[in-house]
Amino acid sequence: MAAGPPIPVEFARVSLKRKRALTLVTEPDHGADCVTHVIESVRDDIHAAAEDLRARERAPNGDLIGVVCMESGYVRASSTRIAERIADWCRRTGSGGAVWTDLNRNFHEETGGPFSLEAAVAYLKALDEEGLAEAHQYIENAPEETDTPLRRHLATDPWWRGLGALRSR
């Protein structure tokens, strides 16, 4: 359900398991606040809940799962700002804690340059056919409320819009 805190996200991660498509990642510098979805864990232990999410996301290690535990004050996150926002949400809702996918922003490492809208579009245009198809499907199938700067830009780009027409044939 879309009841979580708004978190800045962007399609700024090069995903090796998705044929190098750009995928969503928390992005405090370039992202837009988007509604997040929440489900209650069946676990009583925050670390067990984090392990469940790590397994579901097929993350190679637990460092890629963000954790805020209100009782102990334990926090593991790639961004202090995002962790603080999630902790504030936990306080407002009376939640004991939260876990979230916290994959690293790797655009610079994978492309050799910083993330920007222009760099992301150039990256997408350079993908092979399989990678571009995966990227298009992933970005277009994201929930409507995932309204990021890149997604808004692509929605007005004739090249990107033309990809949808080609794929529907």
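From the N terminus onward, the elements of this chain follow the order β-β-β-α-β-β-α-β-α-α-α-α-α. In total there are seven helices and six strands. With a radius of gyration of 17 Å, close to the 15 Å that the globule rule gives for 169 residues, the chain is as compact as a globular protein of that length. The model is predicted.

**Overall form and surface**

- Of the 169 residues in the chain, 41% are buried.
- The accessible surface amounts to about 9,700 Å², and carbon and sulfur atoms account for 50% of this surface.
- Where contacts join residues at least 6 apart in sequence, 66% of them link residues at least 24 apart.

**Strand E4**

- Strand E4 spans residues 65–69 and is mostly covered, with five of its five residues buried.
- Ile65, Val67 and Cys69 point one way from E4, while Gly66 and Val68 point the other way; all are buried.

**Partners of E4**

- Strand E6, residues 97–101, runs antiparallel to E4 and is joined to E4 by five bridges.
- Within E6, Trp100 is the bridge partner of Gly66.
- Strand E5, residues 75–76, also runs antiparallel to E4, and two bridges join these strands.
- Within E5, Val75 is the bridge partner of Val68.
- E4 and E5 form a hairpin with five residues between the strands, where Gly73 takes a positive phi near 80°.

Technical notes
Residues are numbered from 1 along each chain as its sequence is written. This is a predicted model: local features need pLDDT of at least 70, side-chain atom pairs count only at pLDDT 80 or more; totals for chains, interfaces and linings use all residues. Side-chain values use heavy atoms; hydrogens and water are left out. Buried means under 20% relative accessible area, exposed over 50%, partly exposed in between (1.4 Å probe, protein chains only). Helices (H or I, at least four residues) and strands (E, at least two) are DSSP runs, numbered from the N terminus. Two strands pair if DSSP finds at least two bridges between them. The radius of gyration is taken over C-alpha atoms; the globule rule is 2.2 Å times the number of residues to the power 0.38. Contact means heavy atoms within 4.5 Å. Accessible areas come from the Shrake-Rupley method with a 1.4 Å probe; for residues, only the protein chains shown count as cover.
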